[in-house]
Amino acid sequence: MKVFDDKHIKNVVLLGSHGCGKTTLAETMLFEAGLIPRRGRVEDNNTVSDHHALEHERGSSVYSTVLHTEWRNYKINIIDTPGLDDLIGETIPALRVADTCLLLLNAHHGVEVGTDLVWDHIAQYDRPVIIGVNQVDHPNADFDATVDQAKEHFGNAVTVMQYPVESGEGFHRIIDLLKMTMYVFKDEGGKPEKQPIPANEKEKADALHKELVEKAAENDEALMEHYFDKGELDEDEMRQGLKQGMMKRTCFPVFCLSALRNMGTGRLMGFIDNVAPGAIEMPAEELVDGGTLPCRADGPAVLFAFKTVIEPRSGHITLFKVMSGEVKEGADLVNDNTGSAERLNQLFILDGKERRPVERLVAGDIGGTIKLKDTSSAHTLHEPGKAIKLRPIAFPEPRLRQVIKAADQKLEEKLHAALLEIQKEDPTIVLTYQRETGQQIVGGQGDLHLNLLKWKLNHHYKVDATFHAPRIPYRETIRRSAEASYRHKKQTGGSGQFGEVHLRIEPWYEGMPAPQGVSVRDIQEHDLPTGGKLVFCNCIVGGVIDNKFMPSILKGVMEKMERGPLTGSPARDIRVVVYDGKMHPVDSNDISFRIAGLQAFREAFGNADPQLMEPIQEVEVRVPADLMGDVMTDLQGRRSIVMGMDTQGRYQIIKVHTPLAELDRYSTTLRSLTQGRGTYTERFLAYQPVPAELQHKLVSSHKEDEVVV
Ligand SMILES: Nc1nc2c(ncn2[C@@H]2O[C@H](COP(=O)(O)OP(=O)(O)OP(=O)(O)O)[C@@H](O)[C@H]2O)c(=O)[nH]1
Ligand SMILES: [Mg+2]
């Protein structure tokens with residue numbers, strides 16, 4: 001495999017809504033450059049990019065795939081991403097390492113919901129953008145309307161570079177406004193014939209050319225002056241101006257394509273070669289500990305591992321971008337995140353599933369290796385003796401959480417191990433364990449994401465998993481103090497059991513004064529594993545309960561607090577004052593005092609105005625302004641408290657506090673309320689009291705466990 005120097009490498013990520021033609025375009029770019037002898041089709045499951053069984057089954061991309069093409073003297077690394085929003089975890093790492101985004105629009109759908117969603121991510125990464133209007137050959141294609149929508153959604157930086165003489169089935173001619181020429185394609189596409197712009201298109205082409213020249217000139221004073229003097233810029237000057245515009249994001253050049261019929265790809269690749277910024281032209285990477293790392297071939301060797309791919313047979317493949325310097329096969333590096341030494345035993349570039357060995361890779365290039373010991377996604381590897389750590393990759397929080405179980409209980413451990421593996425590949429799969437319910441919760445980006453997870457578990461790990469809604473982690477507490485006493489007495493045959501405990505329970509709060517009216521011998525503060533506190537005061541006088549039984553009483557109280565009296569949820573923030581009791585010289589033992597403590601606590605709890613607490617989430621919903629009413633009405637039906645509203649471009653941001661219990665499958669509801677245009681984030685805020693009526697309902701539907709003696 002040829003080694004390209006840092007000046008001849010371009011990294012492009014293909015982005016766009018589901019089905020706009022990214023995979024088809026990637027295939028065409030490889031074919032047009034002569035790297036593959038024939039073009040595969042997504043429908044025939046034979047494209048280079050969509051090579052996974054899961055992608056074949058679905059007929060669309062599920063994974064981000066790295067490919068490369070060569071056009072003239074340049075190597076263009078392409079990362080083809082899946083367009084479905086649930087698979088954003090695949091797209092984000094690709095965006096992180098790409099230097100230019102190629103955003104595809106579908107000429108018969110215009111700007112779609114998926115386009116808008118991915119646009120938000122592009123904007124966060126502040127990357128240069130080329131817009132490709134694809135499917136211009138489609139019978140319902142409308143190039144002009146698509147460009148108008150693009151301007152409406154992404155602003156005036158949208159700049160037409162080309163337009164089709166005719167959209168729709170007859171599409172075969174493109175007018176290029178930089179070269180001021182017309183490309184005429186044969187039916188099968190490929191290399192076009194260049195022709196002069198026809199007279200009836202001249203006026204339109206001249207006007208658009210002028211706009212393009214002005215756009216190119218506006219980023220550079222010297223160019224602007226030049227333009228004023230001559231009234232024109234030559235091609236090179238235009239390229240220079242457009243590159244600057246792309247880097248400043250004041251220019252998003254628009255190209256005209258039919259990926260399916262191979263029209264427009266060659267010219268697009270030529271533009272990527274000549275104009276799209278390469279890694280060495282992009283701003284230096286910011287480092288975690290301050291400072292920056294410019295992408296230079298003569299800098300220290302630094303790699304950024306952006307993705308882990310798990311191949312069932314060959315194990316983990318680590319995909320990386322060379323952020324600086326160069327690496328050779330066999331290089332010894334250090335992982336800055338773990339401190340581990342790593343050797344690049346193999347060095348290759350990837351074209352879908354094909355690995356092509358390469359002797360070395362230089363700054364800006366993308367490659368892969370296998371069998372790294374201790375390297376995960378977003379880790380930095382560098383030559384020994386340096387301390388360089390690149391910023392991590394931020395992934396969105398889960399939008400759907402479900403309890404996951406192995407259908408066959410015996411496979412529970414296998415399921416857990418499989419989930420840990422999958423998580424390495426897909427950081428948007430988030431595992432949590434809910435201690436009090438003993439439930440394993442898996443978080444993902446939506447129903448589809450979790451369905452794909454199920455598929456992977458089934459097919460790659462041979463575990464069938466079931467999903468269901470998690471139990472709400474309620475908490476129980478009290479609102480006033482109450483006293484109770486309990487005598488546990490059992491006289492059966494030989495030795496009996498006896499223990500009597502008198503206690504008072506009180507709502508605990510930070511800075512609470514010591515118990516009044518009793519003589520305190522000992523106070524213990526326990527941080528509970530499920531949050532909150534239990535403060536346990538030994539106020540026994542005259543030795544009515546021996547000190548050695550106090551731990552048993554505490555144990556009984558703790559047991560009831562772990563599975564609270566109201567709904568079996570953990571109780572919290574309670575002070576227990578044990579002030580009296582009785583012992584029996586022979587029959588008193590640990591178990592008697594444990595039971596007496598537990599029962600006394602339980603009884604006192606019932607009289608202490610018990611309160612069920614529920615988790616409240618801080619929720620931020622982002623919806624197009626016209627859908628705000630419906631979304632708001634729905635949120636109000638979910639016991640939400642509106643905290644504020646904001647405008648962000650064409651969107652409204654609604655901030656609410658909503659009980660977790662009301663957010664079950666909210667992502668699915670929000671999608672259907674907004675045809676997918678609304679998004680939201682949520683995070684835990686605090687525990688708050690459950691309203692009385694609802695508490696009554698929850699308590700009556702819970703049957704308290706019998707006390708096991
Ligand atoms: N008419 C026409 N159809 C196209 C063109 N490009 C792609 N298609 C078709 O559109 C469908 C989707 O194409 P893909 O390449 O899978 O789209 P994608 O953007 O990769 O889709 P995801 O991976 O799901 O995001 C396929 O049926 C393609 O044949 C085009 O230029 N013209
Ligand atoms: Mg695809």
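**View 1. Ala259 and ligand 1 in polar contact.** A polar backbone atom of Ala259 sits 2.9 Å from an oxygen atom of ligand 1. A polar contact is a pair of N or O atoms within 3.5 Å; within protein, one must be able to donate a hydrogen and the other to accept it, and residues adjacent in sequence count only if both atoms are side-chain atoms. Ligand 1 alone exposes 640 Å², of which the protein buries 88% (Shrake-Rupley areas, 1.4 Å probe; for residues, only the protein chains shown count as cover). This is a predicted model: local features need pLDDT of at least 70, side-chain atom pairs count only at pLDDT 80 or more, and totals for chains, interfaces and linings use all residues. Side-chain values use heavy atoms, without hydrogens and water; residues are numbered from 1 along each chain as its sequence is written, chains are lettered from A and ligands numbered from 1 in written order.

**View 2. Further contacts around ligand 1.** A polar backbone atom of Gly83 lies 2.8 Å from a ligand 1 oxygen atom. For Gln135, a polar side-chain atom is 3.4 Å from an oxygen atom of ligand 1. Around ligand 1 there are 20 residues; His18, Lys22, Thr24, Glu43 and Asp137 come nearest (near: a heavy atom within 4 Å). Helix H1 (residues 22-32) gives the most to this shell, with 3 residues (helices: DSSP runs of H or I, at least four residues; strands: E, at least two; numbered from the N terminus).

View 3. Asp126 is not a glycine, yet has a positive phi of about 60 degrees. Its loop runs between helix H4 (113-125) and strand E5 (129-134). Lys371, also no glycine, has a positive phi of about 60 degrees. Lys371 sits in the loop between strands E22 (366-370) and E23 (379-382).
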